[in-house]
Amino acid sequence: STPVATFCALSKAAKSGVLLKGGDHLETLAKVKTVAFDKTGTITTGEFVVNEFRTLHADLSLKTLLYWVASIESKSSHPMAKAVVDYAQLYSIKPQPEAVMEFHNYPGEGIHGKLESQDIYIGNRRIALRARSETMPEIESGASGGKTRGYVYCNGTLAGWFSLSDACRSGTFQAVNELKSMNILTVMLTGDSHAAAAQAQNQLQEAIEIVRAELLPEDKARIIKELEAPVAMIGDGINDAPALATADIGISMGLDGSALATETGNIILMSNDIRKVPEVIKLARAAYNKVI
Ligand code: ADP
Ligand code: MG
């Protein structure tokens, strides 16, 4: 590409809200063979609603459990956390973040905290191991309705669970199909359950070619190394930093992404419109084809 073509492509991209940190990313973008998407907050909106919240013990009231869970979740920045806090508010429960001791986040698994002499772990199936519980929930099947599940362990026993759902972003289907028409392989990488991944894939009419679920942040990074390069990874920054750093091109979703994502990404989407991904690859291809 000529300096002028590069400059034109960068400024065109910037005008449509796509910021490239440097012109050399354009060349890689023009050659991209694979685009990997994070699910929660990237393919989907990350705007969860709690559908169901259950206690599993007769002597543990829903309100008590909800108070504990919402207090610990109020210290998390995960998209699921806000939904739990909102749900607690329906029961007039006010979460108390300052009552929570020893808060800890396990990326891709869940969270931990202590309050009212309860040692509590909240998260997906994997969190059972952290909670040192004997009862690991079954692998979620279609029977879970494709919802995202949260399990709650109190002092080592499974005390309750909740389910939540969010929806695919409106432009996702179009973006994936556009990438396919450009001969680019599309991949979904998620820390969520197989059932929740299948639900998103279903909403996209099975358009994504490869779907991998129940991944830890480092699993996502490992898989990216195995895909045909150059690989672009697009994520919302929550638990995606290793994958964004490993990809040949890390694309982070703009303004409501974490500061870490902004650090890690080579490209920042100022809007959360993932249709910009095929668009910017086309721009890059056009800039490079001029001189090839
Ligand atoms: P994705 O890869 O789809 O973006 P994440 O890596 O953000 O998903 O999260 C993976 C899983 O970890 C979630 O589906 C959830 O089960 C669990 N998890 C992470 N953080 C929390 C939290 N604050 N509360 C409950 N569960 C959590
Ligand atoms: Mg995510």
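In the hairpin of β4 and β5, where 3 residues lie between the strands, Gly-108 adopts a positive phi near 80 degrees. Helices (H or I, at least four residues) and strands (E, at least two) are DSSP runs numbered from the N terminus. The model is a predicted one, in which local features need pLDDT of at least 70 and side-chain atom pairs count only at pLDDT 80 or more, while totals for chains, interfaces and linings use all residues. Residues are numbered from 1 along each chain as its sequence is written, and chains are lettered from A and ligands numbered from 1 in the order in which they are written.

Strand β4 (residues 101–106) runs antiparallel to β5, with 4 bridges joining them; two strands pair if DSSP finds at least two bridges between them. Within this pair, Met-101 stands opposite Lys-114 of β5.

A residue is buried if 20 or more other C-beta atoms lie within 10 Å of its own, exposed if 12 or fewer, and partly exposed in between, with C-beta atoms placed from the backbone. Just after α5, Ser-92 has a positive phi of about 55 degrees.

On the larger scale, the domain assignment (automatic or from a database) gives domain 1 (3–45 + 169–289) and domain 2 (49–165). Taken over C-alpha atoms, the centres of domain 1 and domain 2 are 30 Å apart. Domain 1 brings 16 residues to the contact and domain 2 brings 15, two residues being in contact if their C-beta atoms, placed from the backbone, lie within 7 Å. On the domain 1 side, α3 (39–43) and α8 (194–203) each supply at least two residues, and α8 gives the most, with 5 residues.

In soluble globular proteins, nonpolar side chains tend to be buried together. The largest nonpolar core here has 46 residues, of which Ala-232, Met-233, Ala-247 and Ala-284 touch the most other members. Such a core is a set of buried Ala, Val, Leu, Ile, Met, Phe, Trp, Tyr and Cys residues joined through C-beta atoms within 7 Å. Helix α12 (residues 276–289) gives this core its largest share, 6 residues. A second, separate core of 32 residues includes Ile-120, Val-152, Cys-154 and Phe-162. Beyond its neighbours within four places in sequence, Ala-232 is in contact with Val-32, Val-35, Ala-247, Asp-248, Ile-249 and Ile-251.

Finally, there is the ligand. Around ligand 1 are 23 residues, and Thr-40, His-78, Asn-124, Gly-191 and Asn-239 come nearest; a residue is near a molecule if its C-beta atom, placed from the backbone, lies within 6 Å of it. Domain 1 and domain 2 each provide at least three residues of this shell. Elements giving two or more residues are α3, α5 (79–90), β5 (110–115), β6 (118–123) and β7 (148–154), and α3 contributes the most, with 3 residues.
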